[in-house]
Amino acid sequence: MINLLLLVRVHPLFWVVIALGVATGYFRELLMLFVIVCCHELGHAIAAKYFGWRLRKIELLPFGGVAETEEYGNRPYREELIVILAGPFQHLILMPLSWVAVAIFPFWTTSDHELFLFHNTALLFFNLLPLWPLDGGKLLQLITCKFLPFRDAQTWALRFSFGFLAVVALITAISYPMHLQWWVILVFLSVCHYLEWRQQPYGFLRFLLERRLLGKTYGGRNVAMIQVASKESVHVALRRLYKGKRAVYKIKETGQLIDERDVLDHWFKTRKSHVSIGTLAHL
């Protein structure tokens with residue numbers, strides 16, 4: 001646990017929010033939110049550590065937090081699902097603890113308890129909205145990976161997330177046009193979407209590199225036979241890789257089989273992504 005706490009970092013803007021809280025008399029409420037967000041992110045971190053993930057840092061942001069890892073989509077579905085849900089699960093632990101605290105500790109008043117329950121419930125449901133980079137958005141991408149190649153899943157999950165964000169913004173504009181705090185959160189999420197959209201190619205590159213370095217061997221149902229035309233380029237073929245499944249490319253014209261490891265090795269050694277699969281089969 002101490003090692004995990006040493007990974008905690010605080011975003012500079014977080015201190016600005018704290019200062020505003022002190023100036024406006026909401027410091028106690030902000031401290032409560034700080035504790036809740038900390039527990040949420042530690043939940044992710046503990047689950048990730050349990051599965052041996054490479055943790056980079058736990059950062060507290062002005063509107064939440066994030067547990068950053070050095071994993072790029074090649075962990076099993078079950079592990080990713082547990083790590084994602086471990087954060088929201090902390091709220092289900094904190095709420096009963098507050099019931100106990102209000103019965104034992106005099107300083108934990110009924111109003112504190114009610115406020116604590118409100119913030120826990122609000123953060124729990126907000127976090128599960130299908131919006132990037134919230135846990136709901138990560139769940140959406142994980143589910144999309146089940147049905148689409150990894151690169152397409154990245155794109156479509158973010159498109160859906162952006163569409164949902166647009167709907168939320170429209171509802172806010174109609175129902176709560178003067179809710180400044182909510183607008184700030186929506187702008188923050190919009191910036192996150194823009195940055196993630198631009199980072200997608202790099203995320204896919206890390207996915208490929210990690211996949212090649214790990215050299216995982218999948219068998220049985222975890223092998224995807226992908227039909228490709230001989231003219232199809234290596235670049236396009238790599239975009240058809242599925243998370244958690246080893247791809248075997250079958251050339252339609254000749255019936256030749258090429259393992260994904262050969263395609264990955266060729267691409268990382270030569271960086272010639274325009275070479276056709278048919279040419280690669282004869283090398």
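**Reading helices, sheets and annotations**

Q: Is the crossing of α3 and α5 left-handed or right-handed?
A: The crossing of α3 and α5 is right-handed. Keep in mind that you are looking at a predicted model.

Q: Which residues make that contact between α3 and α5?
A: From α3 come R28, E29, M32, L33, I36, V37 and H40. On the α5 side you will find D112, L115, F116, H119, N120, L123 and N127. Sorted by class, the contact has seven nonpolar, four polar and three charged residues.

Q: How should I describe the way two helices pack? At what angle do the axes of α3 and α5 cross?
A: In general, two packed helices are described by the angle between their axes and by the distance between those axes. Here, the axes of α3 and helix α5 (residues 110-127) come within 10 Å and cross at roughly 45 degrees. Angles from 65 to 115 degrees would count as roughly perpendicular and those under 35 as roughly parallel; α3 and α5 are therefore oblique to each other.

Q: Let's move to sheets. In what order do β1, β2 and β3 stand in their open sheet?
A: The general idea is that strands of a sheet pair through backbone hydrogen bonds, in a parallel or antiparallel sense. This open sheet has three strands in the order β1-β2-β3, with mixed pairing. β1 (8-10) and β3 (64-69) are at the edges with a single partner strand each, so one side of each has no neighbour in the sheet. On average, neighbouring strands are turned by 25 degrees against each other, direction ignored.

Q: In which sense do β1 and β2 pair, parallel or antiparallel?
A: β1 pairs with strand β2 (residues 55-61) in the parallel sense, over three bridges. To find the pairing on screen, look for V10, which stands opposite L60 in β2.

Q: Which helix lies across β2 and β3?
A: Helix α3 (residues 27-50) does, and it runs at about 165 degrees to β2. An angle over 145 degrees counts as roughly antiparallel.

Q: What should I check about peptide bonds, and is the one from W132 to P133 cis or trans?
A: Most peptide bonds are trans. The bond from W132 to P133 is cis, with omega near 5 degrees.

Q: How do I set record annotations beside the model? Which residues does UniProt list as "transmembrane region"?
A: An annotation gives residue ranges, and you can then look at the coordinates of each one. The unreviewed UniProt entry lists 31-51, 81-109, 115-135, 156-174 and 180-197. Residues 81-109 are 83% helix and 0% strand, with end C-alpha atoms 36 Å apart. For residues 115-135, the span is 67% helix and 0% strand, and the end C-alpha atoms lie 23 Å apart.

Q: Where does UniProt place "domain: Peptidase M50"?
A: The unreviewed entry gives residues 30-103 and 116-166 for it. In the model, the span 116-166 is 82% helix and 0% strand, and its end C-alpha atoms lie 30 Å apart.

Conventions:
Residues numbered from 1 in each chain as written. Predicted model: local features only at pLDDT ≥ 70, side-chain atom pairs only at ≥ 80, totals over all residues. Heavy atoms only, no water. Pairing = 2+ DSSP bridges. Helix = DSSP H or I, 4+ residues; strand = E, 2+ residues; numbered from the N terminus. Axes fitted to C-alpha atoms, helices over the stretch in contact; angles between N-to-C directions. Contact = heavy atoms within 4.5 Å. Left-handed = near helix turned anticlockwise from the far one by under 90°. Nonpolar A, V, L, I, M, F, W, Y, C, P; charged D, E, K, R; others polar. UniProt positions renumbered as here; feature names shortened; annotations may be inferred.
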